[in-house]
Amino acid sequence: MKSFLHASDIGDIRKALEEAKAVKASPNAWKDLGKDKTIILIFFNNSLRTRLSSQKAALNLGMDPIVLNVNGDSWKLETQMGVVMDGDKSEHLKEAIPVIGSYCDIIGVRSFAGLSDREFDYAETILNQFIEYSGRPVISLESATVHPCQAFADLITIEEYKTKARPKVVLTWAPHPRALPQAVPNSFAEWMNAADVDFVITHPEGYELDPRFTGNARVEYDQMKALEGADFVYAKNWSCPGVTKPSDYGKVLSQDMGWMIDSRHMAVTDDACFMHCLPVRRNMIVSDEVIDSPRSIVIPEAANRVVSAQVVMKRMLEDLQ
Ligand code: AN0
Ligand code: CP
């Protein structure tokens, strides 16, 4: 695996889920695989889960992780090509990336969408520079348009908690005070389309996700109708993807609190499990009552981030043998 951005990069989904099960059952069984190998994890943005679960996954594989917080510990990096560097950025990605690549065997990058230039974000400009200039396998730790380690962990969690062969999974938009990227819902849609589930997306009009991720997934604008009979409710806020109106890209179009998941919403489901990638704002995205209920699986979902990261790193290490 040269890079990990999309569901297609993991190949056969059933095989990947079986591998996840094996990794979860015996996390330390591949300790020799990462011996004398190093992964550098680059963070342009904040993180709790991704930062810790990626390091834990590397350690389980016997690999040494090094974490770099760009903007905090290192020189500020210029990401645009052909600019006069007379501002606050001391170094360009074109030098920084090959230098980083020379110190490690695998690279992980967290670099959120800027949400101002749709073309720049949707071309995955920063992550693609890492792929092009590092000469190393690259993992997206949430880049501009995707969060594949999260979506893979979400799928592993659904597999563990499902009680029907083909569960109904509903991705629902929920309100948030600030503009957030579309990476989590994009990847969730992509991975649900690749899995054997009845997948429905619901959001206010104007929040249509890019069809390159949603494919033929059903979109139901009536949230209550979408949630009827659901087995899994996956809540997430995202800002306007700019699909129907490009000038609205990155904007907050609605803060309708009626979309917050509360017990009224959960009541129309088939006793659904509640999921969220975290971090979550309580009583904005989801009520205390729902997230504190026994049907909330946000903690085991986050725990599975170690498993998804470990499968991806394991595959990359196997390729390096
Ligand atoms: C980020 C997002 O919505 O993409 C990270 C989620 C994993 N969330 C926030 O910035 C709150
Ligand atoms: N879900 C997730 O990626 O969380 P962090 O932003 O804390 O890494």
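Let me open with a question: in which loop does Asp271 lie? Asp271 is found in the loop between α10 (263–266) and β12. Before I say why I picked that residue, a quick reminder that what we have here is a predicted model.

So, backbone first. Most residues other than glycine have a negative phi, and most peptide bonds are trans. With that in mind, have a look at Asp271: its phi is near 55°, a positive value, and the residue is not a glycine.

Leu115 is another residue for this list. Leu115 isn't a glycine either, yet it has a positive phi of about 65°. You'll find Leu115 in the loop between β6 (106–110) and α4 (118–122). Is Leu115 buried or exposed? Its relative accessibility is 14%, and because buried means under 20%, Leu115 counts as buried.

Then there's the peptide bond between Leu278 and Pro279, which is cis, with omega about 5°. Pro279 has its place in the loop between β12 (273–275) and α11 (288–291).

Okay, on to the strands, and here I'd like to stay with β9 for a moment. Strand β9 covers residues 198–202, and four of its five residues are buried, so it is mostly covered. What does β9 pair with? One partner is strand β8 (residues 168–173), which runs parallel to β9 and is joined to it by five bridges.

Last stop, friends: a helix pair. Two packed helices are described by the angle between their axes and the distance between the axes. For helix α6 (residues 148–161) and helix α12 (residues 298–320), the angle is about 115° and the axes are 8 Å apart. The crossing of α6 past α12 is right-handed. On the α6 side, the contact residues include Phe152, Ala153, Ile156 and Tyr161. From α12, Pro300, Val307, Val311 and Val312 are among them. How many nonpolar, polar and charged residues does the contact of α6 with α12 have? By class, there are nine nonpolar, four polar and four charged.

Methods:
Residues numbered from 1 in each chain as written. Chains lettered and ligands numbered in written order. Predicted model: local features only at pLDDT ≥ 70, side-chain atom pairs only at ≥ 80, totals over all residues. Heavy atoms only, no water. Buried < 20%, exposed > 50% of the residue type's maximum accessible area, 1.4 Å probe, protein only. Helix = DSSP H or I, 4+ residues; strand = E, 2+ residues; numbered from the N terminus. Pairing = 2+ DSSP bridges. Axes fitted to C-alpha atoms, helices over the stretch in contact; angles between N-to-C directions. Left-handed = near helix turned anticlockwise from the far one by under 90°. Contact = heavy atoms within 4.5 Å. Nonpolar A, V, L, I, M, F, W, Y, C, P; charged D, E, K, R; others polar.
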